[in-house]
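Subject: Structure for your files

Hello,

Here is the structure for you to open alongside this message. My notes on what turned up follow below.

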Amino acid sequence: MEQEKVEKHFMSDTAYGTLLCVLSDTLFSVAYVFVQFINKYAAFAADWKGDWILCFKEWIAAAFALPIFLYLWSKGRAGLPSFKVILMLFIAAFFCEYIGIGHHVTSYQFIGMALGLPVIRTVTILGATIVGALLLREKVSPLKAATIAVLVAAVFMFGFCRAPQPTKPTPQEAPAAVETVADDVQVQPALVAENVAEKVAAEKAPDTVATEVLETKQAVEDSVKTAEATAPTPKYFGYDLKIDPFLFGFICAFITGIGYAIYTLMLRVVMRKEDPVTKKPVPPVNIYFVVSTVFGFGGLCGLLAMLSKGAQLSDVAAIPVACWLFILGAGVLTFAAFFFKNLSYRYATASKAATLSVVQVLLQVLFGVIIFGEATTALFWGGAVLTVTGIILASKTA
């Protein structure tokens with residue numbers, strides 16, 4: 001069967017790989033904006049919501065890739081890889097989809113996209129670089145080491161600038177706190193009630209103070225109880241975890257980074273152009289086959305997870321139309337992003353591909369500011385400057 005030929009481009013392999021990585025990460029960033037809309041504003045709060053996102057986002061993406069591969073295969077322009085390559089793709093898909101994306105979505109539910117991605121990318125960069133140097137014999141030059149150091153510093157700055165800041169209500173802010181306490185379960189009912197009592201006592205006549213103070217105190221306590229009852233409880237494999245939700249989000253982000261690092265390295269092995277030992281050319285694996293395999297397996301993982309948590313067909317049918325539209329957009333963008341990312345592995349090293357993924361950090365924080373109204377700080381802009389510096393350094397590494 002005719003083998004696919006490596007195309008020639010008007011730019012060097014290094015520059016072309018860099019371009020593909022940046023384009024891929026831009027599309028990924030937009031796709032996860034759609035996912036975050038579902039996380040924040042979805043009208044359903046089922047335990048399997050994250051698994052539903054994983055299942056249908058990946059299957060929608062696979063629906064674009066699989067027909068293209070079948071067409072090319074029928075025309076003799078693409079062939080099936082060896083059993084060893086297929087097995088490696090399934091293993092890579094498991095780490096990318098179930099370990100990576102599955103925990104990625106969950107982490108965003110608890111710590112948000114602006115803070116979650118820096119943690120994920122830090123682990124991915126370090127894991128891909130260290131293991132890539134040990135197993136794939138990729139050299140870590142002084143310039144590449146400096147690039148990684150700058151980018152790791154950038155993601156840490158983003159993480160600190162998005163860290164939650166505990167606040168205490170003042171007497172002047174107490175009336176507003178009564179109305180919004182359901183959104184902030186960290187406010188102490190007794191403190192709010194005391195502040196409200198002082199405010200009411202200063203403005204109302206003596207004969208109405210006692211009654212209104214008691215009513216206000218009871219309203220505050222009821223609001224807090226309602227908020228505590230409806231606050232998201234970390235669940236893992238169907239079990240409620242007695243763990244701080246914010247800490248649980250960080251753990252999920254860390255697991256995501258490990259999964260992405262392993263996936264990056266395995267795809268680098270599958271997509272490399274020559275054997276590192278014999279230096280002989282390796283027949284390329286069709287990109288559409290890779291994408292179809294990864295997405296199809298990922299969607300299957302999501303479906304099995306949904307079924308294990310008691311999801312029914314009627315429950316899926318009741319999901320709001322807006323959520324389906326968001327997941328459709330995320331699926332289309334994911335297909336395009338994964339296509340460019342997998343293609344980049346033929347032109348960029350595993351550590352460089354992972355390093356350039358920090359572009360997502362900058363874009364997702366910017367999207368958070370523009371779309372979700374998140375505030376910026378001096379640390380935010382410091383991280384942005386370091387990110388741009390790291391990208392320029394990465395483009396100069398071979």
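Helix H12 supplies the largest share of a nonpolar patch, four residues. The patch is on the surface, consists of Phe64, Val321, Leu325, Leu328 and Val332, and has about 450 Å² of accessible area together. For a patch of this kind, nonpolar side chains (Val, Leu, Ile, Met, Phe, Trp, Tyr) are joined within 5 Å, using residues with over 30% relative accessible area and no salt bridge. Areas come from the Shrake-Rupley method with a 1.4 Å probe, and for residues only the protein chains shown count as cover. Leu328, which lies in helix H12, is partly exposed at 42% relative accessibility. Here buried means under 20% relative accessible area, exposed over 50%, and partly exposed in between (1.4 Å probe, protein chains only).

Please note that this is a predicted model: local features need pLDDT of at least 70, side-chain atom pairs count only at pLDDT 80 or more, and totals for chains, interfaces and linings use all residues. Residues are numbered from 1 along each chain as its sequence is written, and side-chain values use heavy atoms, with hydrogens and water left out.

The chain has 15 helices and two strands; these are DSSP runs numbered from the N terminus, helices being H or I with at least four residues and strands E with at least two. Of its 398 residues, 46% count as buried.

Aromatic pairs

The whole structure holds 18 aromatic pairs. Rings of Phe, Tyr and Trp (its six-membered ring) pair if their centres lie within 6.5 Å; planes under 30 degrees apart are stacked, over 60 edge-to-face, and the rest tilted. Phe28 and Phe338 make an edge-to-face pair, with ring centres 5.0 Å apart and planes at 75 degrees. Phe28 is in helix H1 (residues 13–41) and Phe338 in helix H12 (residues 321–344), 310 residues apart. Both Phe28 and Phe338 are buried. Phe338 also pairs with Tyr263, this time tilted, at 6.2 Å between centres and 50 degrees between planes. Tyr263 lies in helix H9 (residues 245–271), so this pair ties together parts 75 residues apart in sequence. Tyr263 is buried, at 4% relative accessibility. Ring pairs link Phe28, Tyr263, Phe295 and Phe338 into a cluster.

Nonpolar core

The largest nonpolar core has 81 residues, and those with the most contacts inside it include Trp48, Tyr263, Phe295 and Phe338. A core is a set of buried Ala, Val, Leu, Ile, Met, Phe, Trp, Tyr and Cys residues joined through side-chain atoms within 4.5 Å. Helix H3 (residues 83–111) gives the most to this core, with 11 residues.

Salt bridges

There are three salt bridges in the whole structure, each a side-chain nitrogen of Lys or Arg within 4 Å of a carboxyl oxygen of Asp or Glu.

- Lys341 and Asp25 meet at 3.4 Å, N to O. Lys341 is in helix H12 and Asp25 in helix H1, 316 residues apart, and both are buried.
- Lys309 and Asp51 have their closest N and O atoms 2.7 Å apart. Lys309 is in the loop between helix H10 (287–308) and helix H11 (313–317), and Asp51 is in helix H2 (residues 49–74). Lys309 is partly exposed at 32%, whereas Asp51 is buried at 12%.
- Glu58 and Lys57 meet at 2.7 Å, N to O; both are buried.

Regards

Notes. Patches are made of residues with over 30% relative accessible area and no salt bridge: like charges are joined within 9 Å, nonpolar side chains (Val, Leu, Ile, Met, Phe, Trp, Tyr) within 5 Å.
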